[in-house]
Amino acid sequence: MDAPSSREPLVVFDRVRKVYPTGAVGLDDVSVAIYPGEFVAIVGLSGAGKTTFLRAINRLIEISSGEIFFAGRSVTRATPAELRRMRRDIGMVFQNFNLVKRLTVLQNVLAGRVGYHPTWRVLLGLFPKEDVAIAMKALERVHLADKAYVRADQLSGGQQQRVAVARALAQEPRLILADEPVASLDPVTAEVIMDDLRRINRELGITVLVNLHFVDLARRYADRILGLRAGKVVFDGPVSEATDEVFEFIYGRPLTREDMRTGEVAARG
Ligand SMILES: Nc1ncnc2c1ncn2[C@@H]1O[C@H](COP(=O)(O)OP(=O)(O)OP(=O)(O)O)[C@@H](O)[C@H]1O
């Protein structure tokens with residue numbers, strides 16, 4: 001693989017600030033570049049700005065100043081049509097799955113294709129055969145093809161999150177944004193989801209940005225750690241440099257059992 005510095009970044013934040021109408025600061029002068037193929041974990045305490053960072057990329061949140069670029073184009077100044085086109089390339093996975101529970105698994109995954117068709121067609125549920133093939137392939141990637149015709153609400157939480165990953169994948173995105181994707185799952189299931197995301201990243205070259213508050217998962221799965229505190233990037237480096245001391249610096253306090261998905265804090269010498 002090329003060294004990141006020799007490639008065009010996929011996402012750029014240029015002096016981005018977000019101040020909510022309440023006065024709360026979501027992002028404070030953030031400048032950062034994410035390169036194609038990276039798997040980046042964004043870490044920080046609750047309220048540090050992780051969700052704001054992620055949602056600013058596809059403009060689910062409007063920033064207050066600065067500029068964000070995706071694939072060399074300004075997201076901030078994009079017209080509605082340009083924004084729709086960009087959002088096709090950006091899949092999203094949420095903490096609470098966001099599936100339509102009364103629809104089948106396959107129908108949920110097909111929702112990932114809506115950005116490719118006019119609204120009337122989608123409302124009638126008229127997806128071309130190729131889309132069904134893409135959706136089935138996405139389900140195979142998360143090992144759920146056998147559940148295609150089951151109603152989404154019949155699945156376990158972990159399975160529902162895998163459907164959500166398949167839905168993002170069916171978009172054939174360049175980037176997947178995952179906002180605390182394992183926060184409501186047990187440790188074993190959390191690893192299944194993280195394994196899926198990593199496999200997708202490695203095998204398909206899709207860039208993955210994931211908000212995590214578990215130190216062990218961030219270390220195990222990410223290539224790069226972006227540490228936020230009070231809206232500022234206070235650490236940006238490879239996972240090998242993200243020591244306990246670094247996490248304690250990002251969090252502004254000692255690590256606790258709650259910071260580990262497994263609930264174990266390593267003994268420190
Ligand atoms: N819609 C909103 N209106 C006002 N303030 C907000 C809003 N969303 C977030 N904030 C504030 O912006 C700051 C950053 O919040 P954000 O949700 O991005 O942090 P986070 O790191 O994702 O935290 P969490 O893990 O709790 O979601 C916090 O101070 C938060 O209270």
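This is a predicted model: local features need pLDDT of at least 70, side-chain atom pairs count only at pLDDT 80 or more; totals for chains, interfaces and linings use all residues.
## A four-stranded sheet

Next, find the open sheet. Its 4 strands run in the order E2-E1-E4-E5, and they pair in the antiparallel way. Strand E2 (25–34) and strand E5 (73–74) sit at the edges with a single partner strand each, so one side of each has no neighbour in the sheet.

What holds strands like these side by side? Strands of a sheet pair through backbone hydrogen bonds, either parallel or antiparallel. Zoom in on strand E1 (residues 11–19): it pairs with E2 in the antiparallel sense over 6 bridges. If you want a spot to look for, Lys-18 stands opposite Leu-27 in E2.

Now zoom out. The protein splits into domain 1, built from 1–89 plus 175–252, and domain 2, which is 93–172. Their C-alpha centres are 24 Å apart. In the contact, domain 1 puts in 17 residues and domain 2 puts in 16 residues.

Which elements give two or more residues to the side of domain 1 that touches domain 2? They are helix H2 (80–88), strand E7 (175–179) and helix H7 (187–204). H7 has the largest share of that side, at 6 residues. Sorted by class, the domain 1 side comes out as 9 nonpolar, 6 charged and 2 polar residues.

## The nonpolar core

Finally, look inside. The largest nonpolar core has 78 residues, and the ones touching the most other members are Ala-41, Val-109 and Ala-166. Helix H6 (residues 157–170) gives the most to this core, with 7 residues. Both domains take part: the core draws at least three residues from each of domain 1 and domain 2.

Leaving out residues up to four places away in sequence, Val-109 touches Ala-135, Ala-138, Leu-139, Val-163, Ala-166, Arg-167 and Ala-170. One of those, Ala-166, is also among the core residues that touch the most other members.

Notes: Residues are numbered from 1 along each chain as its sequence is written. Domain bounds come from an automatic or database domain assignment. Two residues are in contact if their C-beta atoms, placed from the backbone, lie within 7 Å. Ala, Val, Leu, Ile, Met, Phe, Trp, Tyr, Cys and Pro count as nonpolar, Asp, Glu, Lys and Arg as charged, and the others, Gly among them, as polar. A nonpolar core is a set of buried Ala, Val, Leu, Ile, Met, Phe, Trp, Tyr and Cys residues joined through C-beta atoms within 7 Å. A residue is buried if 20 or more other C-beta atoms lie within 10 Å of its own, exposed if 12 or fewer, and partly exposed in between; C-beta atoms are placed from the backbone. Two strands pair if DSSP finds at least two bridges between them.
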